[in-house]
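Let's take a walk through this fold together. Please keep the sequence and the 3D view open as you read.

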Amino acid sequence: MQAIFKHGGKQYRAQVGDILLLDKLSLEPKSKLDITEVLAIINQDNMETGKPFIQNAKVELEVINEGRGKKVITFKKRRRKDSKTKRGFRRDFTRVRVKEIHKES
């Protein structure tokens, strides 16, 4: 069973046991998180979609840890102008594990 859910303006596709990187949540490790904004649930043969969300569906997540991503360098140089800028960016994230996908009738 797979689920497509929305969190922080992004959509994630996950199944039980997957490890995902969400935007930083400031939660302790081993804490639980329930996502109720489930857009679709995919079984072997069928796919159920919501309008926009599926009622009584949720994805249970467990927080593993928090961290920062690799540095991304943006470098701009204007030729013959003696002008250049260099900036770095590191994304803060929370690593979570998908524990369970529920669909209650």
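What follows covers the sheet, the core and a hairpin.

This is a predicted model, in which local features need pLDDT of at least 70, side-chain atom pairs count only at pLDDT 80 or more, and totals for chains, interfaces and linings use all residues. Residues are numbered from 1 along each chain as its sequence is written, and side-chain values use heavy atoms, leaving out hydrogens and water.

Start with an open sheet of four strands, ordered E2-E1-E5-E6 and paired antiparallel. Strands here are DSSP runs (E, at least two residues), numbered from the N terminus, and two of them pair if DSSP finds at least two bridges between them. E2 and E6 stand at the edges with a single partner strand each, so one side of each has no neighbour in the sheet. Between E1 and E2 there are six bridges, and alanine 3 faces alanine 14 of E2.

| Strand | Residues |
|---|---|
| E1 | 2-7 |
| E2 | 10-15 |
| E6 | 47-49 |

Next comes the largest nonpolar core, with 18 residues; Phe5, Leu20, Val38, Val59, Leu61 and Val98 have the most contacts inside it. Such a core joins buried (under 20% relative accessible area, 1.4 Å probe, protein chains only) Ala, Val, Leu, Ile, Met, Phe, Trp, Tyr and Cys residues through side-chain atoms within 4.5 Å. Its largest share, four residues, comes from E7.

Finally, look at E8 and E9, a hairpin with four residues between its strands; arginine 80 in the turn has a positive phi of about 60°. Seven antiparallel bridges pair E8 with E9, and isoleucine 73 stands opposite glycine 88 in E9. Of the seven residues of E9, zero are buried, so this strand lies largely in the open.

Methods: Buried means under 20% relative accessible area, exposed over 50%, partly exposed in between (1.4 Å probe, protein chains only).
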